[in-house]
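Me: Hi! I have a structure open and would like to talk it through with you. Could you have a look?

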Amino acid sequence: MVYDKESGVFSIQTIDLTKRFAKKKHRGVFGFLRRNQSNNKHNDVTVALDKVNLEIRPGELFGLLGPNGSGKTTTIKCLSTILIPDEGTVTVNGFDIQKETSMVRASLGMVVGGERTLYWKLTARDNLMYFASLYKMQRTHAKKRIEELLETLQLSDRADERLEDYSTGMRQKVAIARALLHDPPILLLDEPTLGLDPNFSRQIRNQIRELSEKQGKTVLLTTHYMDEADQLCDRVAFINNGKIVAVDTPNRLKAMVKEKELVEVTVYRPPADIEKYIRSLLPDAEVVKLIPGDEDEGNPSRIKIIGGTAEEHVETIIDALRQKNIRIGSLNVGVPTLEDVFIKLTGAKLTEDGT
Amino acid sequence: MLKSTYQQSLLRSNLFVVWNELVKNIKSLLAYPAILVFWAVFPIFWFIPFILQGQAFVGGPESASFAQITGSGEYVPFIVIGAVLNSYVNTLLYGMGENIRREAYQGTLDYVLAAPCNKAYVLIGKALSESLSSTIFAASQLTISVLLFGMNLTLGVMLPVFFIVILLMLGLYGMSLILAAFSLMYKQSYDLSQTIGYVFYIFAPVRYPVESLPTWAQIFGKLIPLTYALIIVRSFMLLGTDFSAVYFEVIALLIIDIVLLVAGFYLFSWMEEKTKKSGTISHH
């Protein structure tokens, strides 16, 4: 079956997609001699995806946002047939992932796991030729396609060098070329700009936009970078603890907190109870959230306050932090971002480093 | 698009997978020249002590008591053949499981599994690359042995020997698939492949004739493909016989090959499915 736009088939559709993993218990060297104390089987299981429902339309650039461990990569691995779901129905390009596995695989290109997922001892050209064979491409067609992609991604000059001599950004470009080799209608991109310098990130983002806008590809993108999702995605879904908590356009999601005022303070070495303390001082604030940072990495902690009157909050917060002898790095009153929406919806932070 | 993906015939696309897997593995191997030198030369140093020990015991390159058991008194070529064929066990058994584990560690296994090609052909490509490197190493060891110990080799003997080596490799592919399946599930197969290697070393007639083993050990040894390969190859090379003298051993080797290959492919598919369900397929 080849996708037909007229048929109205979703590029990706998940209905009640559920995936559970058994928890690994480390009981020490002689742990196997001990009896399993647990009487409740549910305690031994982690629900990675809990009835996930997604409908992604052809040509859509769709963002899946959530903190680490929220289920983003598990979703992508289920869609790409690397994992078998425990419950639910999933179709990719109209094909059932469990019954029409080969067609699903042929419909997808993926960038998951970044630069490590290539053969570093081989050249870019060798890597691409190898993966072209796995996608059943004709040798002559594959050669032509590889040249095209190397040219488009500005890798032609170094195509015959081993990947171990490439920069991270160049290897990521090869990973993207691999995903595009067989010209799939759907792309799964898991953190495609993670760890790249601003120049390479911009190039990759432009490439993603072009793939969606000019080539009409459906893109499912997961990212930690809120600006990236905001700029690129037609719609985004927030996922937390394996559940989809909201799906909409970035603008509509931001509208949920648009009318609210936002105060963000960077602080150094805040005590653990600071969030509770500030909340007690600002009863009209909807959200008070401490986002821990890593001061050794030059990334101080942040306190976000959404709702209420920012002007009044600023004074109260400065007084409170001074009373507690907490050093303030900066204080901003601004417009809420997608991250703020996520915090409001889940009470959890979206990213590890809070960026 | 999907159309171009399926443009070529099934046979051609499957051969293309096998070929590219072979090329990939050989190029990766060539990236480490020290490993090539090691396997081409160093295994000889592992069996030279046994030859020197034999010479010290019997006072020369031939032994009358050895001739009574094996039909040929020359124990030096007997040991060389044992060592060279045993090197296939080491490289093939260890190679496949380690190859799968390395793919999981690198993160490339996910991409191989998520591709639409039949994975059996990827495994065949891996097995062929291991066979090719094993054969190059074996040929190098044999050549050095000829120069060192003056063994006689003729093309007329080497062709049937090569046929038997292919049969041996088929059985070892089956075993290596079983080990690769364990590697998917338990994330390491090195210890198991080492143990199997030692079991072969003891129960197959690598260093000594099978008659030197107690009866129960001889029966156990008959389950090992290496046992038959050694008996047949020695019969060709040392006694100058042809297939008519060893047809029972050839048929036995073929049956063991089929059983091991079927079991290997079945177990690998089963473990792949199981680890996809448990979510541990990409772990390493």
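Reply: Happy to. One convention before we start: two residues are in contact if their C-beta atoms, placed from the backbone, lie within 7 Å. Also keep in mind that this is a predicted model.

Me: Good. With that in hand, how many residues of domain 1 of chain A are in contact with domain 2 of chain A?

Reply: On the domain 1 side there are 9 residues, and they are in contact with 6 residues of domain 2 of chain A.

Me: Where are the domain bounds in chain A?

Reply: Domain 1 of chain A covers 5–247, and domain 2 of chain A covers 255–346. Taken over C-alpha atoms, their centres are separated by 34 Å.

Me: And chain A overall, what is its secondary structure?

Reply: Chain A comes to 11 helices and 14 strands. Of its 355 residues, 45% are buried. If you take the contacts in chain A with a separation of 6 or more, 74% are between residues 24 or more positions apart.

Me: Let's do sheets. What is the strand order in the one that holds β1 of chain A?

Reply: The order is β2-β1-β4-β5 (chain A), an open sheet of 4 strands with antiparallel pairing.

Me: Which strands stand at the edges there?

Reply: β2 (45–56) and β5 (95–96) of chain A. Each has a single partner strand, so one side of each is left without a neighbour in the sheet.

Me: How many bridges are there between β1 and β2 of chain A?

Reply: 8 bridges, with β1 (residues 12–22) of chain A and β2(A) in the antiparallel sense. If you want a pair to click on, A:Gln13 stands opposite A:Glu55 in β2(A).

Me: What about A:Asn325, is it buried or exposed?

Reply: Exposed, with 8 other C-beta atoms within 10 Å. A:Asn325 has a positive phi as well, about 55°, although it is not a glycine. You will find A:Asn325 in the loop between α10 and β14 of chain A.

Me: That takes me to the sheet with β14 of chain A. What is the order there?

Reply: β12-β13-β11-β14 (chain A), again an open sheet of 4 strands with antiparallel pairing. Its edge strands are β12 (287–291) and β14 (327–334) of chain A, each pairing on one side only. On average, neighbouring strands of this sheet are turned by 15° against each other, direction ignored. β12(A) and strand β13 (residues 301–306) of chain A run antiparallel and are joined by 5 bridges, and A:Lys289 stands opposite A:Lys304 in β13(A).

Me: Which helices pack on this sheet?

Reply: Helix α10 (residues 310–323) of chain A does, touching β11 (262–268), β13 and β14 of chain A. The direction of α10 of chain A makes about 15° with that of β11(A). Helix α11 (residues 338–346) of chain A packs on the sheet too, touching β11, β12 and β13 of chain A, and its direction makes about 75° with that of β13(A).

Me: New topic, chain B. How many residues of chain A are in contact with chain B?

Reply: 35 residues of chain A are in contact with 33 residues of chain B. β1, α2 (101–107), α3 (124–134) and α4 (139–152) of chain A each supply at least two residues of the chain A side. α3(A) gives the most, with 6 residues. By class, that side of chain A has 18 nonpolar, 10 polar and 7 charged residues.

Me: And what are the confidence scores like?

Reply: For the model, ipTM is 0.81 and pTM is 0.80. Chain B averages a pLDDT of 84, and 94% of its residues score at least 70.

Me: Where in chain B does pLDDT stay under 50?

Reply: Over residues 1–6 of chain B, for which the model has 17 contacts beyond four places in sequence.

Note on methods: Residues numbered from 1 in each chain as written. Chains lettered and ligands numbered in written order. Predicted model: local features only at pLDDT ≥ 70, side-chain atom pairs only at ≥ 80, totals over all residues. pLDDT = per-residue confidence, 0-100. Pairing = 2+ DSSP bridges. Domains from an automatic or database assignment. Nonpolar A, V, L, I, M, F, W, Y, C, P; charged D, E, K, R; others polar. Axes fitted to C-alpha atoms, helices over the stretch in contact; angles between N-to-C directions. Buried ≥ 20, exposed ≤ 12 C-beta atoms within 10 Å, placed from the backbone.
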